[in-house]
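I set out to record what I looked up in this structure, entry by entry. The sequence and the coordinates come first.

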Amino acid sequence: MLLHHSLLPFRHFAAFLLFLSFQTAFAQKISGRLLDASGVGQEFATITLLSARDSALVKGAVSGEQGLFEIENVPAGRYFVRTQLLGFQPSQSDVFEYNRTDIALPPLVLKPSGNQLQEITVVAQKPLIEVNADKLVFNVDASPTNTGLNALELLRKSPGVSLDQDENVSLKGRSNVMVQINGKPTPMTGQDLAQYLKSINSADVEAIEIIATPGAKYEAEGNAGIINLRLKKDKRLGTNGTVSLGFYQGITPKGDAAITLNHRDRKINLFGSASVFRGRWDNPMQSTNIVGSRLYNLRTNNYRYARPQWGRFGVDYAPNSRHTFGALFNGGVFFPDLWSKSRTEIGSLAQNSVDSLLIAENDGGMLNWNANVNLNYKFADQKGNQLNIDADYGMFRDSQTIFNNNYYRDPENVQTLATSAFRTDMPRDIIIQSVKTDYEKTLSLFGKEKNTHLGAGGKYSDVDTDNTFNFFKVSNNAENLDPDRSNTFVYNERIVAAYVNGNTQAGKFSVQVGLRMENTDVDGNLTAYKPVDDKTVDTTYTSFFPSAALGYNVSKNHQINLTYRRSVDRPRYQDLNPFELRLDELSYRRGNPFIRPQFTHTLELGWSLFQRIHLSANYARTLNAFTNIADQEIDPLSGKQRFYIQVRNLATRDNWGFNINTPIPIAKWWNGNLNAFYNYSINKADYGAGRIVDLRVSGGGFWTQQTFTLSKTLTAEASGWYNWGGLWGAYVQRPQGMMDVGISKRLWDGAGTLRVSFTDVFHTAGWSSYTRVGELYINAKGAWEGQQFKINMTYRFGNNNLQSIRRRSTGADDESKRASGGE
């Protein structure tokens with residue numbers, strides 16, 4: 001009953017928005033049509049409605065499909081229409097009387113001007129970094145060293161973004177970032193999200209949008225902000241395509257291939273892409289664990305042979321300039337082979353001696369596939385009113401099987417003292433259903449045309465996840481299920497959301513205010529083979545999330561803005577399951593069914609100078625902040641000392657930050673960009689029995705890129721990043737960084753591009769961190785395969801020519817907006 005009752009306000013709200021759109025669509029209007037001498041309708045002409053009394057401008061429009069145009073909401077009076085279109089002479093209609101009822105004007109026939117423009121090839125180079133009022137945009141193709149990377153590696157290079165040793169994403173020193181694909185949240189986090197992003201090739205990514213303080217229109221999830229990966233969509237008429245091949249040599253060779261196809265005519269756009277990767281990744285790690293007087297030195301080598309395959313296909317149908325219907329399917333398969341070898345020296349810290357060794361070997365595999373279907377409708381008129389409706393159905397399946405052998409040996413590694421073996425089987429299914437609607441109306445206030453936007457919308461989402469964890473003891477090649485460590489955890493989350501949002505500009509001031517309401521209903525049930533505590537999760541809560549922004553233009557080259565946002569982060573599904581995922585017999589990860597949502601208040605002050613230098617200072621306070629905590633215990637079954645990581649709530653987290661982004665134009669042939677950040681974090685919690693957390697850590701870093709134009713077809717680049725501290729959960733980060741160099745050569749009149757790069761030149765990208773909780777101290781370090789030689793060839797085929805009138809059209813602008821978030 002809760003589900004049905006919660007849907008009622010949402011249905012009424014969506015129906016109200018549809019009613020508004022139909023009222024807009026059927027308003028009284030003046031209509032007409034533009035034809036050339038042969039009777040063919042002409043699009044993209046400028047239409048002006050002028051008063052017959054004094055020729056004063058009353059309204060404007062642009063001709064659409066087949067030369068048709070409409071002008072609405074005009075007072076009664078005497079008017080005439082004037083037209084302008086590139087390649088034709090200006091023309092105008094006869095004077096007519098309008099009495100606020102629909103009127104169709106006779107067709108206007110255009111005469112050629114005699115100065116026809118030939119088709120031109122449009123070649124434009126986007127800047128690497130664009131700083132807009134609400135977001136920072138990282139254009140992937142603007143850097144040759146981005147070639148051949150996967151989406152996770154692109155995030156590592158993005159300004160202000162960093163990854164910890166477990167490949168969790170943080171932004172400006174804050175974790176719990178909401179990662180979206182084409183404006184839609186991904187249901188995965190942590191290692192699941194990392195594996196998914198690794199299956200997306202950089203050839204399919206157009207840009208990465210970093211939204212530090214999202215408004216009420218966006219999901220309330222993500223206290224650190226939103227990172228949106230905007231995938232490519234071709235806007236050219238005709239049929240076009242791109243093929244790319246890459247080879248990469250690190251510790252082992254790797255390769256990938258990608259293809260993109262697009263066909264667009266006046267009404268239909270068909271598009272699709274696919275990519276595949278093959279290669280092995282090596283990731284070594286070391287950890288020193290100290291508990292009281294006992295010492296555990298762990299050395300691990302992790303290997304993953306990756307075989308991701310990813311595809312995307314969509315269609316958009318626009319019967320006229322106002323309405324667009326779209327369907328999109330995307331999905332992928334990721335089935336790596338996983339294996340690792342580890343050696344743990346166990347001994348006395350005081351005597352600096354080793355009394356035994358633990359040799360562990362893991363061998364397993366993973367099958368991860370996902371599929372999502374999206375249906376979209378968009379209405380947009382020439383007055384700036386828009387209605388967007390999305391319906392999504394997504395399926396995610398991953399299944400991981402790992403076989404683990406443990407050998408306890410004497411200090412000289414000669415004699416085997418004891419052995420144990422086990423196998424874990426971990427299938428998981430996630431089904432996501434959602435419906436979302438957004439409506440925006442444009443108004444003219446304070447004597448200015450279209451300076452005010454009012455928006456409202458709602459969303460309903462239903463997420464079902466089914467987790468199974470089976471633990472098998474292995475003895476004499478026979479497997480026996482261990483009921484003490486096996487379970488099934490079913491979790492359901494339903495969210496009903498609604499928001500209102502408005503922004504306006506008056507003089508030098510701009511104001512935006514919004515309020516989002518979300519009702520969350522979650523329930524989880526643990527089914528174990530033996531009775532256990534903490535087996536149910538059942539929570540319902542309603543929260544309000546205000547947002548506001550105030551901007552002031554001091555002068556043309558000096559702008560100040562202040563923003564505020566309240567946000568929420570909900571626990572990951574797998575973190576709520578009280579399972580034990582083991583690296584070996586002494587090291588594992590444990591779930592926690594009682595993690596509470598964390599709520600964050602974020603305040604940011606921005607300052608822009610000369611439209612080039614952008615500075616910001618921010619403060620965020622998080623209540624019930626959850627993070628990874630390392631701890632230790634005595635196993636009640638075996639009596640051995642064990643180490644585990646578990647997500648727990650802190651009491652509070654306070655974070656202060658500062659950021660600067662600026663281009664660095666050094667010479668006509670030498671351009672650069674710099675992004676630098678600093679943050680200071682205070683984390684507090686009391687877990688009792690001497691387990692008090694009071695971490696005060698400062699950190700920062702920078703990212704820079706230098707581009708050298710050597711000729712019209714040859715470009716070189718040097719880029720790098722450096723992080724000198726901060727927090728990864730409860731781990732204190734030590735400095736790390738890397739530098740990349742690359743060169744790009746355009747071939748065959750721009751149809752081909754050859755890119756060669758060498759990444760992590762000085763082999764400095766490895767990570768290092770430490771943490772202390774009670775008697776436990778952990779000092780860890782590791783590396784990822786950052787140093788690689790890469791070569792990539794891209795070839796573009798099909799129609800690369802655009803008429804200038806197409807580039808100037810409002811239809812192209814509308815498609816650009818749709819590509820950035822309407823799919």
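**Entry 1: chain totals.** Among contacts in the protein chain between residues at least 6 apart in sequence, what percentage join residues at least 24 apart? I found 66%, where contact means heavy atoms within 4.5 Å. The model is a predicted one, in which local features need pLDDT of at least 70 and side-chain atom pairs count only at pLDDT 80 or more, whereas totals for chains, interfaces and linings use all residues. Residues are numbered from 1 along each chain as its sequence is written, and side-chain values use heavy atoms, with hydrogens and water left out.

I noted six helices and 52 strands in the protein chain; helices (H or I, at least four residues) and strands (E, at least two) are DSSP runs numbered from the N terminus. Of the 823 residues, 53% are buried; buried means under 20% relative accessible area, exposed over 50%, and partly exposed in between, with a 1.4 Å probe and protein chains only. The accessible surface is about 36,400 Å², and carbon and sulfur atoms hold 58% of this area. Such areas come from the Shrake-Rupley method with a 1.4 Å probe; for residues, only the protein chains shown count as cover.

**Entry 2: confidence.** I read a mean pLDDT of 80 for the protein chain, with 82% of its residues at 70 or more; pLDDT is the predictor's confidence in each residue, from 0 to 100. Residues 1-27 stay under 50, and the model has 39 contacts beyond four places in sequence for them. Residues 115-124 are also below 50, with 13 contacts beyond near neighbours in sequence.

**Entry 3: nonpolar cores.** I looked up the largest nonpolar core, which has 29 residues. The term denotes a set of buried Ala, Val, Leu, Ile, Met, Phe, Trp, Tyr and Cys residues joined through side-chain atoms within 4.5 Å. Leu155, Leu197, Ile208, Ile227 and Leu229 have the most contacts inside this core. The elements that give two or more residues to it include helix H2 (151-157), helix H3 (190-198) and strand E17 (205-211). H2 gives the most, with four residues. Which residues does Leu197 contact, leaving aside its neighbours within four places in sequence? I listed Asn150, Ala151, Leu152, Leu155, Ile181 and Leu229. A second, separate core of 18 residues includes Tyr79, Val81, Tyr98 and Leu105.

**Entry 4: strand E31 and its partners.** Strand E29 (residues 452-475) pairs with E31 in the antiparallel sense over 18 bridges; two strands pair if DSSP finds at least two bridges between them. Thr504 in E31 is the bridge partner of Thr452. E31 also pairs with strand E32 (residues 509-528), again antiparallel, over 20 bridges, and Phe489 stands opposite Leu526 in E32. E31 and E32 form a hairpin with two residues between them, and Gly507 in the turn has a positive phi of about 65 degrees.

Asn476, in the loop between E29 and E30, is not a glycine, yet has a positive phi of about 55 degrees. Asn476 is at 76% relative accessibility and therefore counts as exposed. Asp760 has a positive phi near 50 degrees, lies in the loop between strand E48 (752-759) and strand E49 (767-773), and is buried, with a relative accessible area of 2%.
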